[in-house]
Amino acid sequence: MKKIISLILLFIICLGIIFCLQKIPFGAAKTKVGNYYIDNGREETGAANIVTSVVLNYRGFDTLGEVTILFLAAMGLGTVLATLQKKDKRQIEQASLILKTGCRFLFPLILLFGAYIFFHGHLTPGGGFQGGAIIASAFLLVYLGCRGRKINETGSKLTESIGGLVFLIMGLIGLTLGGHYFLSNFIPKGEINTLFSAGIIPIIYIAIGLKVGSELTGIIDNLMEKS
Amino acid sequence: MEFLTDNIYYIGAFGLIFIGLFIILVKHNLIKVIIGLGILDTGINLFLIAIGYINNGTAPIFSKPGLEAGNMVDPVPQALVLTSIVIGVAILALALSLAIRLYKHYGSLDLRKIKEQRW
Amino acid sequence: MIIIVSLLVVIMLTAAVSAIFFKDLLNAVIAACMVSLIASVLFYLLQAPDVAMAEASIGAALVAAIFIIAISKTKRHEE
C-alpha cells in the first residue's frame with residue numbers, strides 16, 4: 001500500500017519536472033557571473049586554476065563555513081559514541097607477512113601523493129579536500145593491514161586544531177593589513193604557473209588539507225575503537 | 001527520441017534522485033534509509049554539474065601559458081559541488097553513529113518496532 | 001560518444017535499482033559504491049576534473065569504509 005502511493009506521487013512529480021526541463025536547454029550558456037571570473041581571474045588572483053580561485057578567493061567565506069560543518073560532525077560523532085566501552089586487548093590475529101610488509105611500504109608513498117595534490121592545488125586539478133581524503137585513506141590502510149597499531153590521538157587532534165587556526169589567522173591578518181576585508185589577498189602574487197604564486201591560496205590549502213585529513217582519520221579511529 | 005539523446009545527463013540525475021527518494025519513503029531498515037540518503041546526494045550533485053555545461057567547452061584551467069579564454073564551462077557550479085560532496089560525507093558519518101547508538105539501546109534496527117515503543 | 005554515455009547511465013541506474021532489492025546489506029553498500037564510481041566518470045566527461053577527483057576519493061573509498069564498519073557493529077541481514 002505504501003509502495004503504490006509513493007510510486008504515484010513520484011510519477012506526478014516526474015511529469016512536472018519534464019514540463020520544466022523544456023525551459024533549461026542542455027549546453028547553452030546560462031549565467032554571466034562565470035564569464036567575469038574566467039576573464040579576470042588570472043590577473044586578480046594569480047592562480048591558474050579558476051575553480052580554486054573561486055573557492056578560496058571570491059567565495060572564501062563559504063569554505064570557512066564548510067570547514068566548520070565538518071568539524072561539528074566529527075565532534076558530534078565523538079560525543080555520541082563516547083559512552084561505549086573501548087575494545088579490550090583481545091588476542092588479535094596478525095595478518096600475514098606479505099600484507100604487513102606491503103602496507104608498511106605503501107604508507108609513505110600514499111602520504112607523499114596526497115601532499116603533492118594539495119601543494120599544487122592552484123596549478124592543476126586538485127586541492128585541499130581531495131588531498132586530505134587521500135591522506136585519510138593511507139591511515140585506513142594502516143588500520144586494516146597492520147592490525148594492532150594505533151594512531152597517536154594527541155598528534156591528530158593537534159594537527160586538526162592548528163590547521164583550523166591558521167585559516168582563521170590568515171583571514172584576520174587580511175582584515176587589518178592588506179585590503180581591509182576578511183580573507184583579502186595581501187601577499188604579492190608572483191608570476192602565473194609557478195609554485196610560489198597566487199598569494200595566500202597555497203597556504204590556506206595546506207592548512208585545509210592537513211585539517212581534513214586528520215579529521216577523517218579521527219572519524220575512522222572513533223568508529224573502529226569503540227566496541 | 002531527440003529528447004532522450006539530448007538530455008541524457010538530466011535523465012540520469014533525476015533517475016538517481018527518484019530512486020533515492022523511493023528508498024527513503026518505503027524501506028524500513030535504518031541502514032537502507034541511510035544508503036538512500038547517499039544516493040540522493042550523488043544525484044543532486046550530478047544535476048548541478050550538468051547545468052553548468054556548455055557545448056564544446058573545456059575545463060576551466062589555464063594549464064599552458066599560451067592558452068586563451070576560448071569557451072570554457074562555467075566554474076561556479078563546480079565550486080559549489082566541491083563543498084556539497086564534503087558536507088554529504090559528514091552527514092553520513094553522523095547518521096551512522098546515531099544508528100549504532102540506536103541499535104545498542106533498542107536491540108533492533110527496524111523502524112516499525114522502534115516507533116511502537118514508548119520509553 | 002553518445003553510445004558510451006548512454007551505456008554508463010544505464011549501468012548506473014541498474015546498480016541503483018538493485019540496491020533496493022538486495023537483502024544482504026553488504027551487497028547494497030557495494031551497489032551504492034558503484035553508483036558513486038560511475039558518477040565520477042560522468043563528472044569527468046562533463047569537463048569537471050576537480051569534482052571527479054573529489055567524488056572518487058571521498059565517495060568511493062571513505063563512505064564504503066564507514067558503512068562497512070557500521071554494519072559490522074549491527075546486524076548484517078535486513079530483518
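**A nonpolar core and the chain contacts around it**

In this predicted model, the largest nonpolar core comprises 101 residues, and those with the most contacts inside it are I35(B), I39(B), V89(B), A93(B), L96(B), L62(C) and I66(C). Helix α4 of chain B, which covers residues 76–106, gives the most to this core, with 12 residues. In soluble globular proteins, nonpolar side chains tend to be buried together.

I66(C) is itself listed among the residues with the most contacts inside the core.

From I66(C) the reader may turn to chain C as a whole. Chain C contains 3 helices and 0 strands, so that its pattern, read along the sequence, is α-α-α. Its C-alpha atoms fill a box of roughly 45 × 25 × 10 Å along the principal axes, and buried residues make up 43% of its 79 residues. Of the contacts in chain C with a separation of 6 or more, 49% are accounted for by residues 24 or more positions apart.

Chain C meets chain B through a contact that takes 40 residues from chain C and 37 residues from chain B. On the chain C side, the elements that give two or more residues are α1 (2–21), α2 (25–45) and α3 (49–73), and of these α3(C) gives the most, with 14 residues. By class, the residues on this side of chain C divide into 29 nonpolar, 5 polar and 6 charged.

The contact between chain A and chain C takes 15 residues from chain A and 11 residues from chain C. Helices α6 (128–145) and α8 (201–225) of chain A each supply at least two residues of the side that touches chain C, with α6(A) giving the most, at 7 residues. This side of chain A has 11 nonpolar and 4 polar residues, and no charged residues.

Elsewhere in chain A, I50(A) lies in helix α3, residues 50–58. Is I50(A) buried or exposed? It counts as buried, because it has 25 C-beta neighbours inside 10 Å, where 20 or more are required. Leaving aside neighbours within four places in sequence, I50(A) is in contact with Y37(A), I38(A) and G41(A) in its own chain, and with P60(B), I61(B) and P75(B) in chain B. I50(A) and H122(A) are 72 residues apart in sequence, while their C-alpha atoms are 8.2 Å apart in space.

Definitions and conventions: Residues numbered from 1 in each chain as written. Chains lettered and ligands numbered in written order. Predicted model: local features only at pLDDT ≥ 70, side-chain atom pairs only at ≥ 80, totals over all residues. Helix = DSSP H or I, 4+ residues; strand = E, 2+ residues; numbered from the N terminus. Buried ≥ 20, exposed ≤ 12 C-beta atoms within 10 Å, placed from the backbone. Contact = placed C-beta atoms within 7 Å. Nonpolar A, V, L, I, M, F, W, Y, C, P; charged D, E, K, R; others polar. Core = buried A, V, L, I, M, F, W, Y, C linked by C-beta atoms within 7 Å.
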